[in-house]
Amino acid sequence: MKWICDAIPEICKPRSTGRPEIREFEINYLNETKYGDQNTELFHKKVGNDFYFQLTNSKGVSVNAKVLLGL
């Protein structure tokens, strides 16, 4: 969750006017990764108002996540 908030801080800030609410948050842990581990990369893409994330480390994909925002 911390990696996602660091990558896209506007979805984790306290609610303010004009910012959509998170309507769904899904995270799938596939391999262990600790905050601060070396050789980790966070990839994300935005599709409409929704965000998709993938965290990788030296073992491969560690986490898949999605944050779906309301309008």
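## A buried aspartate

Asp 50 comes out at 13% relative accessibility, so it counts as buried, the cut-off for that label being under 20%. Keep in mind that this is a predicted model. In the fold, Asp 50 belongs to strand β3, which covers residues 50–57.

What does the side chain of Asp 50 have beside it? One of its polar atoms sits 3.0 Å from the backbone nitrogen of Leu 69. Leu 69 also turns up in the contact list for Asp 50, together with Arg 23, Lys 45, Val 67 and Leu 68, once neighbours within four places in sequence are set aside.

## The aromatic pair

How many aromatic pairs does a search of the whole structure find? The partners are Phe 51 and Phe 53, with ring centres 6.4 Å apart and planes at 25°, so the pair is stacked. For that label, the planes have to be under 30 degrees apart, and the centres have to lie within 6.5 Å for the rings to pair in the first place. As for accessibility, Phe 51 and Phe 53 are both buried.

## A nonpolar patch on the surface

Over on the surface, there's a nonpolar patch built from Met 1, Ile 22 and Phe 25. Together, these residues have about 260 Å² of accessible area.

Ile 22 deserves a word of its own. Is Ile 22 buried, exposed or partly exposed? Its relative accessibility is 37%, so Ile 22 counts as partly exposed.

Note on methods. Residues numbered from 1 in each chain as written. Predicted model: local features only at pLDDT ≥ 70, side-chain atom pairs only at ≥ 80, totals over all residues. Heavy atoms only, no water. Helix = DSSP H or I, 4+ residues; strand = E, 2+ residues; numbered from the N terminus. Buried < 20%, exposed > 50% of the residue type's maximum accessible area, 1.4 Å probe, protein only. Polar contact = N/O pair within 3.5 Å; in protein donor to acceptor, adjacent residues only side chain to side chain. Contact = heavy atoms within 4.5 Å. Patch = residues over 30% accessible without salt bridge, like charges linked within 9 Å, V, L, I, M, F, W, Y side chains within 5 Å. Areas by Shrake-Rupley, 256 points an atom, 1.4 Å probe, with all protein chains shown as cover. Salt bridge = Lys/Arg side-chain N within 4 Å of Asp/Glu carboxyl O. Phe/Tyr/Trp six-rings, centres within 6.5 Å; stacked < 30°, edge-to-face > 60°.
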